[in-house]
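Thanks for coming, everyone. Please have the sequence and the model open, and we'll walk through it together.

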Amino acid sequence: MAAPDMPIRIGKKTCKNRITMAPTVKFTAGEDGKVTDFFVKHYGLRAQHGCGLICVEATAVSPEGRLAPTQIGLWSDEQIEGHAKIVEACHRYGALVIPQLHYGGLGTHPACGPLVSPSPILWKRGEQELPARELTIPEIHRIRQCFIDAALRAKKAGYDGVQLHGCHSYLINDFASAVNQRTDEYGGSTENRARFGCGIIQGIREACGEEFLISMRVSGCDPTVEESIATAEYYVKAGCDYLQVSNGIQDVSALPHDEGLPYNRVAGLGVSFHEHFRGTVPVSCVNGIRTAELARYLLENELADTVDLACGLLADPAFTEAILNGTPYVKCFSCKRCSWGPGHSHICPALKKRDNEVWEW
Ligand SMILES: Cc1cc2nc3c(=O)[nH]c(=O)nc-3n(C[C@H](O)[C@H](O)[C@H](O)COP(=O)(O)O)c2cc1C
């Protein structure tokens, strides 16, 4: 049985427990993409309350690949200083901390740059069908270099490593998925579709060294669960230390799932990956883990190596303590207000309830 407070080795680092904070964009940065004091307090608070690893939200590696004009970035040296403050705030409490490096692809905001994709397609966004332009080989190489440069800046800021955003229809996911119809070395076989992600991993490993943690947040079913596992195997061979499993382009609702299980389909993808990668790299489950009981269930039954928490930790920074020690906490009530997206306020009403009670930092 793996107790939630058991330390775990991830790559060359040790995480003090099994609770990790999932990336959650706040859309509060200025056009310069710099981290403000808000971010330092936001992440520092979750570290202070025991979270073992903090994954800082989707961080743009290049301004034209942003998912919103208000996204934070690591595309310029001027952005390093702000990130260093997040690192200091999290390390002070013994948490590992990594930023999630991101390039939009099919998820690019129109105000930031062109919609680009491995192949020219019509991409459905809401009611609209938007034409996405095919990336050329030099462009692919340039974006790969942007990831590597951003990872080097992350290292300079003091981060323990990086996570690559390889799910939710963003560029690394686009390459691995069925929208990739290329016939060159970046399309066709699973190995070729994994090549973009693998090239980034190898480049970061070379530039940042063996100690630097490299994690990939993968889609667990693009185009199928089996193929996603095969893609992730290439990522691991290329040097990825840690997998978080989420969803991607493929609709998960059609996947078979035993409704009697206490966890949902997306978390179930993580369970399948964990079974497959047991003994190779740690695997984290995410999605719908919003009660302390469910987090403990997944860990104690060894269905996941770590649990990755988004809304639960937005609602209550002390959710980690509730899982570890059974202390009371304010539950996320799934109002979805935090998911409204760019331009909206992200104040979680559950968090507001306790604001003056404990959130001094
Ligand atoms: C406000 C908000 C922002 C998010 N931002 C990101 C992000 O930056 N990167 C990412 O991979 N997922 C992002 N997600 C998805 C979460 O990391 C997580 O996968 C999802 O919320 C399901 O987990 P939960 O049930 O614990 O909330 C975001 C979710 C929310 C609600």
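Predicted model: local features only at pLDDT ≥ 70, side-chain atom pairs only at ≥ 80, totals over all residues.

Count the neighbours. K331 has 16 other C-beta atoms within 10 Å. Buried needs 20 or more, and exposed needs 12 or fewer. So K331 is partly exposed.

Where is K331? Look at the loop between α10, residues 319-325, and α11, residues 349-358. Leave aside residues up to four places away in sequence, and K331 touches R290, T291, A315 and A350. Take A315 from that list. K331 and A315 are 16 residues apart along the chain, and their C-alpha atoms are separated by 6.4 Å.

Now try E211. Find the loop between α5, residues 190-208, and β10. What is the count of other C-beta atoms within 10 Å of E211? The count is 11, so E211 is exposed.

Next, the backbone. Most residues other than glycine have a negative phi, and most peptide bonds are trans. Here are some exceptions.

S169 is not a glycine, yet its phi is positive, about 70°. Look for S169 in the loop between β9, residues 161-166, and α4, residues 171-176. Is S169 buried or exposed? S169 has 21 other C-beta atoms within 10 Å, so S169 is buried.

Then E302. E302 is not a glycine either, and its phi is also positive, about 55°. E302 sits in the loop between α8, residues 292-300, and β13, residues 306-309. With 13 other C-beta atoms within 10 Å, E302 is partly exposed.

Which peptide bond is cis? The one from D222 to P223, with omega near -5°. P223 is in the loop between β10, residues 213-219, and α6, residues 225-238.

On to the helices. Start with α1, residues 37-48, and α2. Their axes come within 8 Å and cross at roughly 20°. Angles under 35 degrees count as roughly parallel. That is why α1 and α2 are called roughly parallel to each other. The crossing is right-handed. Which residues meet there? From α1, they are F39, V40, Y43, G44 and A47. From α2, they are K85, I86, A89 and C90. By class, that contact has 7 nonpolar residues, 1 polar and 1 charged.

Now α2, residues 80-91, against α3, residues 137-157. Their axes are 8 Å apart, and the angle is about 55°. α2 and α3 are therefore oblique to each other. This crossing is right-handed. On the α2 side we have I80, H83, A84 and V87. They meet R153, A154, K156 and A157 in α3. This contact of α2 with α3 divides into 5 nonpolar, 1 polar and 2 charged residues.

One further pair: α3 and α5. Their axes come within 9 Å and cross at roughly 40°. The crossing of α3 and α5 is right-handed. On the α3 side, the residues include I140, R144, F147 and I148. On the α5 side, they include F196, G199, I200 and G203. Their contact has 10 nonpolar, 2 polar and 2 charged residues.

Last topic: the core. How many residues are in the largest nonpolar core? There are 108. Which of them touch the most other members? I54, I86, V97, F147, L243 and C285. The largest share of this core comes from α3, with 9 residues.

Go back to two of those names. F147 is one of the α3 residues in the contact with α5. I86 is one of the α2 residues that meet α1. Setting aside residues up to four places away in sequence, I86 touches V35, F39, V40, Y43, V56 and V97. V97 is another of the residues that touch the most other core members.

That's my tour. Questions, please.

Definitions and conventions. Residues numbered from 1 in each chain as written. Axes fitted to C-alpha atoms, helices over the stretch in contact; angles between N-to-C directions. Helix = DSSP H or I, 4+ residues; strand = E, 2+ residues; numbered from the N terminus. Parallel < 35°, antiparallel > 145°, perpendicular 65-115°, else oblique. Left-handed = near helix turned anticlockwise from the far one by under 90°. Contact = placed C-beta atoms within 7 Å. Nonpolar A, V, L, I, M, F, W, Y, C, P; charged D, E, K, R; others polar. Core = buried A, V, L, I, M, F, W, Y, C linked by C-beta atoms within 7 Å.
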